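Subject: Structure handover

Hello,

Here is the structure for you to look over. My notes follow below it.

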Amino acid sequence: MRDHVQIFHDSLHRCLAAETFLDVFYERFMGSSKDVAAKFAATDFARQKKALAMSLRMMVMAGQDNAAAEPYLSFLAERHSRQYLDIRPAMYGLWLESLLATIREVDEQYDESVEAAWRAVMEPGMQYMIERYCVRRCAGWRDRRTRRNRCGAPWSACAPATLQAPREMRSYRT
């Protein structure tokens with residue numbers, strides 16, 4: 001994981017140095033789905049781009065098991081949960097694929113190792129957020145026929161609050 005973190009960090013630095021990186025990403029991400037576009041309809045993009053840059057930097061810290069990332073990841077998961085912004089679990093896949101497509105375009109040193117590093121660093125954080133999407137509102141309510149919770153997410157995405165975080169994220173639990 002350590003090598004992935006360094007490759008991710010270096011690529012992130014190159015991407016953020018490119019003035020168009022975040023604009024191209026958001027254009028691509030919003031074009032990936034009508035639901036995604038609707039979520040950003042009233043967004044202050046100057047503020048949103050700063051928040052995304054900070055979140056990506058936090059993922060570097062999380063990948064290095066830095067305890068300072070714990071409160072931020074917890075806040076981010078709560079903010080994106082069903083209760084607040086209602087960022088559905090399916091949107092995380094669109095987000096990552098849009099991000100990777102933008103990195104391919106912007107990072108002049110992009111190769112398979114860069115993509116693998118981004119996936120390795122981002123996926124535990126994404127899983128952390130997906131698992132916390134609706135813990136408070138759906139936990140325990142399951143439709144046995146569809147194997148889905150009230151929100152439509154698979155049972156595993158809306159597990160009870162006692163669910164342990166993925167092994168990679170356990171140090172970030174509050």
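His4 sits in helix α1, residues 2-17. Helices (H or I, at least four residues) and strands (E, at least two) are DSSP runs, numbered from the N terminus. Please note that this is a predicted model: local features need pLDDT of at least 70, side-chain atom pairs count only at pLDDT 80 or more, and totals for chains, interfaces and linings use all residues. Residues are numbered from 1 along each chain as its sequence is written, and side-chain values use heavy atoms, with hydrogens and water left out.

His4 counts as partly exposed because its relative accessibility is 28%. The cut-offs: buried is under 20% relative accessible area, exposed is over 50%, and partly exposed lies in between (1.4 Å probe, protein chains only). Leaving aside neighbours within four places in sequence, His4 contacts Ala116, Ala117, Ala120 and Val121. Contact means heavy atoms within 4.5 Å. Val60 is 56 residues from His4 along the chain, yet their C-alpha atoms are separated by 9.7 Å.

**The chain overall**

The protein chain has 8 helices and 2 strands. Along the sequence the pattern is α-α-α-α-α-α-α-α-β-β. Of its 174 residues, 43% are buried. Take the contacts with a separation of 6 or more: residues 24 or more positions apart account for 68% of them.

**The core**

The largest nonpolar core has 41 residues. Phe8, Leu56, Trp95, Trp118 and Met122 have the most contacts inside it. Such a core is a set of buried Ala, Val, Leu, Ile, Met, Phe, Trp, Tyr and Cys residues joined through side-chain atoms within 4.5 Å. α1, α2 (21-31), α4 (45-63), α5 (69-79), α6 (89-106) and α7 (112-131) each supply at least two residues. α7 gives the most, with 9 residues. Not counting residues up to four places away in sequence, Trp118 touches Phe8, Ser11, Leu12, Leu56, Leu99, Leu100 and Ile103.

**The pocket**

The largest pocket holds about 930 Å³ of space. On a 1 Å grid over the protein atoms alone, a pocket is an open set of points where a 1.4 Å probe fits, with protein on both sides within 12 Å along at least five of seven lines; lining residues have an atom within 4 Å of a point. Its lining has 30 residues, and Gln48, Ala51, Leu76, His80 and Leu85 lie nearest the centre. α2, α4, α5, α6 and α7 give two or more residues to the lining. α4 gives the most, with 7 residues.

**Asp86**

Asp86 lies in the loop between α5 and α6. Its phi is near 55 degrees, a positive value in a residue other than glycine. Most residues other than glycine have a negative phi. Asp86 counts as buried because its relative accessible area is 19%. Leaving aside neighbours within four places in sequence, Asp86 contacts Lys39, His80, Ser81 and Tyr133.

Best wishes

Terms used:
Points joined across faces, edges and corners; volume = space filled by probe spheres on them.
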